[in-house]
Amino acid sequence: MTSNSNGLPPRRQPSNASGNSGYKSGKDKAPKKKRMRGFVRVFLSLLVIGILVGGGYVYWLYNQVANTGIDKPVPPGMSASTKPLTMLLLGTDNRPETGTFLSDVVMVAALNPNTKTATVVSLPRDTRIQLDGYKSNKLNAYYPRFKTQEKTSGKKAEDQMKDMMGKYLGVDINYTTVLNFQAFRDAINAVGGVDVTVDKNMCYRDTADNTDINLKAGPQHLDGKEALDFVRYRKSNCKPKTAESNDFDRNKRQSQVMNAMLDQLKSLGGITKIGKVISAVDKNMTTDVESEQMKNFIATYWNISTADVHFTPVTGEWRSPYVYVNETELANAKQALQDTLSGKVTASSPKE
């Protein structure tokens, strides 16, 4: 496929055809890379959603992101179309009924426009962080701590997280994007809900944050609230109780929901749904990516192969209340980010 001078594919009309970070304890196996792909696709929704639903929507998407991101120019020499860049993704538990900011998902992505490759490193939320200049704590506790310090420190929590994670992983992090639970719920509602198979009866109630999970096993059509209940479910406090869920179970459900969501986007009327998803994500997202840079990402990575997006979860051992990460995996993850940025990681096949 040829491209025009903007790097985008030739314009064509849309077709109407259908188209938690893991850790291990004892004998638990390390999570497979594919388990992280569900949430990562949400993260990349504003960058490569055009890839996921087909090149026919790229021009439309290109214009849709015009007002997404912050309204300031891209610094000279920092265009995503020419420079390898990194982004920190935080998925927080923030939603109207809680007001909390625990970062349940922590990922760092490195993208190289020259090789058309990307590496996405994920870390367990309970990772014990021991880093010079920072008080030792769980990884997911830092963002809310930085939020409370914003007025006194004069520095945004997102910038503090960017600095800390950059130091921890040994890379300069260029951007930070924060998505919350409400974005997940609204995005599911925007596509009209999802069809999934609920693996067990799920019942859990907590008046502290108004959690009320009540799902029955079997094929179900879930709205946004129910889909979030489905992926968050851990254990039952109702009678009769069902077996607890581990991170493997929750990641598998997360992938099932996101794959069902992508099926909806590829279906008849998907182009209208994409606009609603972008709107839903935008309203529940904090990012320091410039609006023009959003366009650069779309123009550059619209045709990246899924085989060239390398998912690198760092696992570890659970010893309450922390996850102690596997140091070899952590070192490999750091090197993978560096190799992607330096161009040592090459595409699996040439792009058309």
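Me: How does the span of helix H4 compare with that of a straight helix of 12 residues?

Reply: The expected span of a helix is 1.5 Å times one less than its number of residues. Helices here (H or I, at least four residues) and strands (E, at least two) are DSSP runs, numbered from the N terminus. For 12 residues a straight helix would span 16 Å, but H4 (residues 142-153) spans only 14 Å between its end C-alpha atoms. Just after H4, glycine 154 takes a positive phi of about 70°. This is a predicted model, in which local features need pLDDT of at least 70 and side-chain atom pairs count only at pLDDT 80 or more, while totals for chains, interfaces and linings use all residues. Residues are numbered from 1 along each chain as its sequence is written, and side-chain values use heavy atoms, with hydrogens and water left out.

Me: Which residues of H4 are buried, and what covers them?

Reply: Buried means under 20% relative accessible area, exposed over 50%, and partly exposed in between (1.4 Å probe, protein chains only). In H4 the buried residues are Tyr142, Tyr143, Pro144 and Phe146. Their cover, with contact meaning heavy atoms within 4.5 Å, includes strands S1 (85-92), S2 (103-112), S4 (128-131), S5 (134-138) and S6 (175-180), as well as helix H5 (157-169).

Me: Is asparagine 137 buried or exposed, and what does it touch?

Reply: Asparagine 137 is found in strand S5 and is buried, with a relative accessible area of 18%. Leaving out residues up to four places away in sequence, asparagine 137 touches Thr127, Arg128, Ile129, Tyr142, Arg145 and Tyr322. Proline 321 is 184 residues from asparagine 137 in sequence, yet the C-alpha to C-alpha distance is 9.8 Å.

Me: How many disulfides does a search of the whole structure find?

Reply: A disulfide is a pair of cysteine sulfur atoms within 2.5 Å. The search finds one, joining cysteine 203 to cysteine 238 at an S to S distance of 2.1 Å. The pair links distant parts of the chain, 35 residues apart: cysteine 203 is in strand S8 (residues 202-206), and cysteine 238 is in the loop between helix H7 (224-232) and helix H8 (247-266). Both cysteine 203 and cysteine 238 are buried.

Me: Why is the disulfide of cysteine 203 and cysteine 238 left-handed?

Reply: The torsion about its S-S bond is about -75°, so the disulfide is left-handed.

Me: In what order do the six strands of the open sheet run?

Reply: Strands of a sheet pair through backbone hydrogen bonds, either parallel or antiparallel. Two strands count as paired if DSSP finds at least two bridges between them. The order is S11-S6-S1-S2-S3-S12, with mixed pairing. The edge strands, S11 (285-287) and S12 (309-313), each pair on one side only. From one strand to the next, the twist averages 15°. Strand S3 (residues 117-123) runs parallel to S12, joined by five bridges, and valine 120 stands opposite phenylalanine 311 in S12.

Me: Which strands does helix H6 lie across?

Reply: Axes are lines fitted to C-alpha atoms, for helices over the stretch in contact, and angles run from 0 to 180 degrees between N-to-C directions. Helix H6 (residues 181-190) lies across S1, S2 and S6, at about 65° to S6.

Me: Where does threonine 340 lie, and what does it touch?

Reply: Threonine 340 lies in helix H11 (residues 327-342) and counts as buried at 0% relative accessibility. Beyond residues up to four places away in sequence, threonine 340 touches Ala110, Leu111, Asn112, Thr117, Ala118, Thr119 and Val345.
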